[in-house]
Amino acid sequence: MSGSNVTYNKQHNIFLSDGYTSAAGNTYFQGIRLNDRLLVKYDFGQGYAYLFLNGIRLYCHDGYGWKEFSSRSYYCCCWNETYARQECIGMLRDFLLSQSKMLGQPIDQNLAEDFATAMIRTVVDNKPPLLR
């Protein structure tokens, strides 16, 4: 989002970049939600009738800067907050499971799901986690 004007939408807890309009008349822009450990970046496209989700990228902060660790691209996916939240949870869960397996310390899938859900909740809803 560097080089663009950013606005904050308090109602949806999201920072939005300026958009640019293609020759076809579609407007493309980015949205970011974050806390001190996790950043969710959405790539949006606004067509004549619908807001589309073109991609999601997840970043973690390593103490020095933000590092991307997961991304998904979509084609003709109409924006749906619940769907985007579930995608983010799945992306984080899958990353946690793959890293634990790689380290030879597999974790329970339910534990990974609960942790991912709590982390995404803190970012998307800007609320503290509800860990069981």
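Visitor: What does I107 touch, leaving out residues up to four places away in sequence?
Guide: I107 touches L96, L97, S100 and A112, where a contact means heavy atoms within 4.5 Å. This is a predicted model, where local features need pLDDT of at least 70, side-chain atom pairs count only at pLDDT 80 or more, and totals for chains, interfaces and linings use all residues. Residues are numbered from 1 along each chain as its sequence is written, and side-chain values use heavy atoms, with hydrogens and water left out.

Visitor: Where is I107, then?
Guide: I107 sits in the loop between α1 (81-102) and α2 (109-124). Helices (H or I, at least four residues) and strands (E, at least two) are DSSP runs, numbered from the N terminus. From I107 to L96 it is 8.4 Å, C-alpha to C-alpha, and the two are 11 residues apart in sequence.

Visitor: Is S100 buried or exposed?
Guide: S100 is buried, because its relative accessible area is 9%. The cut-offs are under 20% for buried and over 50% for exposed, with partly exposed in between (1.4 Å probe, protein chains only). S100 belongs to helix α1 and touches Q105, P106 and I107, again not counting residues up to four places away in sequence.

Visitor: And why is I107 called partly exposed?
Guide: Because its relative accessible area is 35%.

Visitor: Switching to charges. How many salt bridges does the structure hold?
Guide: Seven. A salt bridge here is a side-chain nitrogen of Lys or Arg within 4 Å of a carboxyl oxygen of Asp or Glu. One of them pairs E81 with R33, with the closest N and O atoms 2.7 Å apart. That pair links distant parts of the chain, as E81 is in helix α1 and R33 in strand β4 (residues 27-34), 48 residues apart.

Visitor: Is R33 buried or exposed?
Guide: R33 counts as buried, because its relative accessibility is 3%. E81 is partly exposed at 25%.

Visitor: What does R85 pair with?
Guide: R85 forms a salt bridge with D125, and their closest N and O atoms are 2.9 Å apart. R85 lies in helix α1 and D125 in the segment after α2, so the pair ties together parts 40 residues apart in sequence.

Visitor: Which residues get joined into one network?
Guide: R72, E87, R93, D94 and E113, through salt bridges that share partners. The R72 and D94 side chains meet at 3.5 Å, N to O. Here R72 is in strand β7 (residues 66-78) and D94 in helix α1, 22 residues apart.

Visitor: OK, other topic. Which residues make up the nonpolar patch on the surface?
Guide: V6, Y8, F15, L34 and W66, with about 420 Å² of accessible area together. Areas come from the Shrake-Rupley method with a 1.4 Å probe, and for residues only the protein chains shown count as cover. Patch members have over 30% relative accessible area and no salt bridge; like charges are joined within 9 Å, nonpolar side chains (Val, Leu, Ile, Met, Phe, Trp, Tyr) within 5 Å.

Visitor: Where is Y8 found?
Guide: In strand β1 (residues 6-9), and Y8 is partly exposed at 40%.

Visitor: Last one: what pattern does the chain follow along the sequence?
Guide: β-β-β-β-β-β-β-α-α, with two helices and seven strands. The C-alpha atoms fill a box of roughly 50 × 30 × 25 Å along the principal axes.
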